[in-house]
Structure formats: structure tokens, C-alpha cells
Amino acid sequence: MIQSLVYGLTIGAILYFFSIGLSITFGTMQIINFAHAMIYALGVYFFISLLALFKGMVPLAVCGALVLGAPIAYATERFVIRRLYGESLDYAMIATYALLLIGTDVIKFFWGTTPYPVTDPIGTSTNMFGFALPVYRILIIVLAVLLFLALNQFTKRSVVGKIVVAALEDKDGVRCLGINVDKYFSWVFVLGSLLAVVGGVLYAPISTAEPYMGYNILLIAFAVVITGGMGSFTGTFVAAFAMGLVIAITGRFWSQAADTMVFVVMALVLIVRKDGQTDG
Amino acid sequence: MPLTAPKRFPVWAELMLIAAAFIALIPALQVHRVNDYMIFCVFVLSFDLLYGYMGRLSFGQMLYLGTGAYVSTIFSIHVNGNPLLSMLAGILGGTVIAALAGLIVSRLSEAPFALSNLAFNQVGFFLVGSTFQNWTNGENGLSAAVMPWGYLDFSNEYTACVFILACLLGVFALMRYLTASPFGIMIRSIKENGTRVRFLGFNVFWYKWLTFVICGFVAALAGSLYTVYIGFISPVFIHPLHNVEVIFACLIGGAGNLYGALIGGVLFMGMKDVLSAHLGQWEWLLGLILLSIVFWFRRGVTGLVASIAGSVATGRRLRRVEERANP
């Protein structure tokens with residue numbers, strides 16, 4: 001049971017890394033950023049290639065993946081999402097989906113369709129409460145919690161964080177104060193995308209890298225974002241770990257239903273909370 | 001967009017035109033392709049009512065297509081091989097699922113709407129692929145046991161063509177009637193501003209739910225046509241990743257235009273046939289075309305034609321005015 005719990009928390013931590021960026025775009029622009037899954041998958045493939053290039057120096061490969069991912073994320077925001085923002089939400093969603101299609105084929109073109117296994121960089125287990133637990137998974141959980149605390153401090157202490165939180169509440173209000181909201185959002189967008197890359201790199205040793213790896217986590221992350229409340233940092237954190245536990249616990253009893261259960265929870269939350277209803 | 005229906009040809013003339021156009025495609029494409037195209041067009045019409053007319057972008061329309069296909073296939077195997085009864089069962093199944101899911105999703109709009117549909121589609125895909133494996137045969141797919149009934153023998157491609165064409169024309173007539181009726185005006189008003197419609201005292205939820213169910217109904221019809229015509233169903237028919245195809249077809253033809261849906265359906269299927277024969281991977285091209293539609297050709301092929309025709313007409317009018325001014 002403890003192992004299931006740790007597994008659930010690990011999944012939750014990865015979901016948290018992935019969902020932050022999604023939640024921010026959702027909260028600010030009300031669009032679903034399908035391209036998030038593209039950057040996630042691309043980041044993992046960059047990491048794999050760089051790891052081979054740098055002969056297994058993990059930190060260097062991670063930094064390289066982030067450096068390569070950042071311009072792609074920036075271009076997505078600057079040339080696709082911002083251009084369509086305010087015109088039509090549907091078109092923005094379709095455009096990001098189109099990017100995801102292109103990105104998936106780019107991956108297939110350069111890296112092929114066969115899944116790449118990634119080895120666990122730590123590879124040892126520790127004994128905790130009498131159970132053997134992989135250190136790597138515990139590290140992921142710890143990192144997610146640290147990230148949550150850091151983001152909390154960032155939004156409470158720093159000026160940029162305060163601006164972003166205020167703009168999530170009322171974008172026009174912040175703009176009326178003479179602050180260029182778009183500029184801050186594009187930085188936050190890039191930050192969110194890079195966190196997705198980090199999540200992908202952390203998750204790769206647990207699963208495998210394959211061209212469609214983004215689609216699956218994207219769907220579950222959407223459920224996390226909807227359940228946690230769009231644009232809410234704390235809500236996303238709680239929902240991510242809750243969904244991770246839902247997956248792990250369902251998976252323990254009925255392994256095929258694990259992913260589906262997430263959507264059942266989301267549907268229940270939608271029925272009870274009744275948000276996102278603009279009319280009728 | 002004007003809310004009253006523009007003056008048009010009588011219905012039968014439009015239907016004849018469509019029938020003639022599809023029959024004209026047969027020599028160029030062979031019957032079996034035209035049949036495939038027509039079934040896909042039925043599916044695009046269902047999506048167009050939801051997205052083009054009511055403005056609700058769904059990433060989960062495949063669920064109703066797939067439910068229609070699977071229910072009719074399973075019905076044909078376990079209950080009765082009559083093609084019409086199997087289709088009826090499939091349509092009923094898809095409509096019931098749409099009615100139930102609609103209770104939840106038609107309250108939503110925009111991103112939550114698109115996502116919840118995608119989520120339901122994912123659940124449906126999972127149920128078909130794993131949970132009900134004993135019934136659906138999982139990833140290996142399932143052969144339908146549809147028997148010929150009287151003259152209705154789907155192994156004869158020309159008979160199938162007539163039947164599918166009749167279904168397509170029926171759906172088109174239904175859509176044309178719906179979109180020109182007060183109901184159609186209502187759903188277009190909901191697209192423009194649902195809150196205002198509610199303030200006028202209309203039950204917006206009821207209209208959205210009903211439209212959603214009609215779309216599910218037509219999509220299930222398309223799915224059951226696949227069953228009786230192709231006779232083999234696999235999880236491809238309910239896979240969430242294929243939703244982008246119908247979105248693409250609807251957009252490239254021109255959303256919110258019934259002819260656009262037909263043109264888009266034919267264009268997409270033609271593209272798919274040509275590209276998948278020559279290119280191993282062609283989804284990137286789909287993505288590039290989608291991007292260019294979104295940035296430059298929002299109204300698709302029909303919109304492009306309409307704007308060219310419009311500018312020609314304006315030019316002629318201007319010339320006439322000039323001639324009158326300086327004779």
C-alpha cells in the first residue's frame with residue numbers, strides 16, 4: 001500500500017510540474033494550450049539526445065533541454081497564441097492543436113516511433129517504514145513540494161509574481177495601472193513550459209519516451225486543471241496530488257481503469273461545482 | 001451573420017444538386033471511395049451543427065460515431081443481422097449516450113466544453129478498448145454480421161451507394177430545415193451571446209442540450225453506416241486523436257455552412273487518400289494547413305468563394321455607378 005501511495009504521489013508530482021503552465025494559460029487566456037504537450041515531448045527527446053552527447057551527464061543534459069525548449073515555447077506564445085488571443089478562443093485552441101500535430105511528426109521524423117527507455121539516474125532503493133522505495137521517486141516528490149513552496153514565495157514576495165497573480169484575477173485592472181501584462185505573461189508562459197520539460201525529463205525514467213507521450217498526460221493534466229480551478233496555484237497543487245493518488249489507488253485494484261477514474265472524478269467535480277458555465 | 005435565412009433554392013433542387021455532385025465523383029474516384037466520403041460528410045454535418053452553428057468546439061465527437069458503430073455491430077452479431085435494425089440500434093445507442101453526456105457537457109462552453117468532451121471520448125475509448133474487451137474484441141476489432149435484407153445488400157457497392165446517398169440527403173435536409181427554422185436562429189443566437197438569450201427568457205440549456213443530442217444522433221448514424229458498409233469496426237472509430245479530422249474538415253470547408261461541411265468532408269478525405277499514399281507521415285501537413293486556415297482563411301473554401309463572388313459583384317456595381325455618373 002505504501003508503495004502505491006508513493007507511486008501516486010510521484011505521478012502527482014509529475015502532473016504538478018506539467019499542470020502549472022497549463023493552468024496559467026487557462027487562467028489568463030481561457031484557452032487549452034495543446035502545444036504544451038509538444039514542448040513536453042520535445043524536451044524529453046532533447047534530453048535523451050543530449051544525454052548521449054554529453055555521455056551521461058544528467059544535469060548538463062537537463063540544462064541543454066531547457067535551453068533548447070525555451071525559444072520554442074517563446075515562439076509559440078509570441079507568434080501563435082498572442083496573435084489569436086482576443087479574436088477567438090476556438091481558433092487559438094485549434095492552432096495549438098495544429099502545433100501539437102506538427103511537433104509529433106517532427107519527433108517521429110528525427111527520432112522515429114520506437115519508444116526510448118531511459119534509465120533511472122539514481123537507481124537505488126531506500127528502506128522506509130519497512131518497504132523498499134526507489135530514491136528517485138522520493139526525490140521527484142520532494143522536488144515538487146519544493147517547487148510549490150518556491151512558487152508560493154515567488155507569488156507572494158516578488159513584484160513579478162504579484163503582478164501575475166493580480167492579472168490572473170483581473171487582467172484589465174492590472175493593465176489600467178500601466179503594467180504591460182502581456183510581457184509578464186509571456187515570461188510566465190515560458191517558465192510554465194520549462195517546468196513541463198522538467199516534469200517530462202523527471203518522468204522519462206519511470207515510463208518511456210515515445211512520440212505520443214504528451215497526449216496522455218495532457219488529458220489527465222486538463223482534468224487536474226479543471227478540478228483544481230483554473231489559474232489557481234494552490235488548487236493545481238492539491239488537485240495534481242489528489243489525481244495522482246486516484247490513479248495509483250484505482251490502478252492497484254483495477255489497473256486498466258486508472259486513467260478513466262480521473263475523468264470520472266472530474267465529471268463529478270464539474271457537476272457539483274457548476275463553474276465554467278457562462279450561460280444557462 | 002444575418003439571423004434570418006437567406007432566400008434559397010427549393011429543398012429538392014439543392015438535394016438534386018448534391019446528389020449529382022456525388023454521382024459525378026464516382027467515375028473519378030470509384031464507388032467505394034465515394035461511399036466512404038459520403039459517410040464522412042454525414043459525420044462532418046453533425047459536427048458543423050455543433051461548432052459552426054452553435055459555436056461549441058468539441059474535441060470528442062468521435063465518441064458518438066464510435067458508439068453508433070460499436071452498438072450496431074454488436075447488435076448485428078448477438079441479436080439480429082438485419083441492416084436497418086442494426087443501424088437503428090446503433091443510432092439509438094449513440095443518441096442515448098449523447099443525451100446522458102449532454103446533461104453534463106452542454107452546461108459548459110469554450111475550453112471546459114471542449115475538454116469534457118475529450119475526456120468523455122477518452123473514457124469511451126478506454127471502455128471499448130479494455131473494459132468491454134469480451135464484447136468488442138479490444139484492439140483487434142470486430143466484424144459485423146450484417147445480412148442482406150431484400151434488395152438492401154451492402155456487399156453490392158452501388159446499392160450501398162444509393163442507400164448512403166439517401167442517408168446523406170436526409171441528414172442534409174434535416175440540417176437545412178433545422179438551421180433555417182426558429183430553432184436554428186436560436187442556436188445561432190446562443191453562439192453570439194448565450195447570456196443575452198437567457199435574459200430574453202429562453203431556456204438556453206434545453207436548446208444546447210437538444211442540439212448536442214441531435215449532433216450525437218447524426219454522428220451515430222454515420223457510425224452505423226460504417227458498420228453496415230465496411231462491416232469491420234476497430235477502436236480507430238472511437239479514438240480521441242481522430243477528432244482533429246472532423247474539425248479540420250469542418251474548418252477547411254467553412255464552418256457554419258452546410259455546403260462547407262460537404263466540401264470540407266470531400267476535400268479532407270481526398271487529401272487523406274492522396275497524402276497517405278505518397279507520404280508516410282502527413283499529419284504535419286494537416287497541422288500546417290490548419291494553422292494557415294486559422295490565420296488567413298477563417299471561412300474556409302466556401303467563404304473564399306463567397307468573398308470572391310462578393311468582390312466581383314461589388315466591382316460590377318461600382319462600374320455601373322461610374323458609368324451613370326460620367327456617361
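A residue counts as buried when its relative accessible area is under 20%. Keep that cut-off in mind. The model on your screen is predicted.

**Stop 1: a histidine in chain A.** Select H36(A). It sits in helix α2 of chain A, residues 35–53. Is H36(A) buried or exposed? Its relative accessibility is 1%, so H36(A) is buried. Now show what surrounds it. Beyond its neighbours within four places in sequence, H36(A) is in contact with F18(A), G21(A), L22(A), G192(A), S193(A), A196(A) and L218(A).

**Stop 2: a phenylalanine.** Move to F34(A). Again skip the neighbours within four places in sequence. In chain A, F34(A) is in contact with M93(A), T96(A), Y97(A), L100(A), L218(A) and F222(A). From chain B, F59(B) and L118(B) are in contact with F34(A).

**Stop 3: the core.** The largest nonpolar core has 204 residues. Which members touch the most others? Select L15(A), Y16(A), I32(A) and F34(A): these are the ones. Then colour helix α2 of chain B, residues 31–53, which gives the most to this core, with 16 residues.

**Stop 4: a helix pair in chain B.** The crossing is left-handed. Zoom in on the contact. Among the residues from α2(B) are V31(B), M38(B), L45(B) and Y53(B). From α7(B), pick out residues including Y158(B), I164(B), L168(B) and F172(B). By class, this contact has 18 nonpolar, four polar and one charged residues.

Technical notes:
Residues are numbered from 1 along each chain as its sequence is written. Chains are lettered from A and ligands numbered from 1 in the order in which they are written. This is a predicted model: local features need pLDDT of at least 70, side-chain atom pairs count only at pLDDT 80 or more; totals for chains, interfaces and linings use all residues. Side-chain values use heavy atoms; hydrogens and water are left out. A nonpolar core is a set of buried Ala, Val, Leu, Ile, Met, Phe, Trp, Tyr and Cys residues joined through side-chain atoms within 4.5 Å. Buried means under 20% relative accessible area, exposed over 50%, partly exposed in between (1.4 Å probe, protein chains only). Helices (H or I, at least four residues) and strands (E, at least two) are DSSP runs, numbered from the N terminus. Contact means heavy atoms within 4.5 Å. A crossing is left-handed if the near helix is turned anticlockwise from the far one by less than a right angle, and right-handed if clockwise. Ala, Val, Leu, Ile, Met, Phe, Trp, Tyr, Cys and Pro count as nonpolar, Asp, Glu, Lys and Arg as charged, and the others, Gly among them, as polar.
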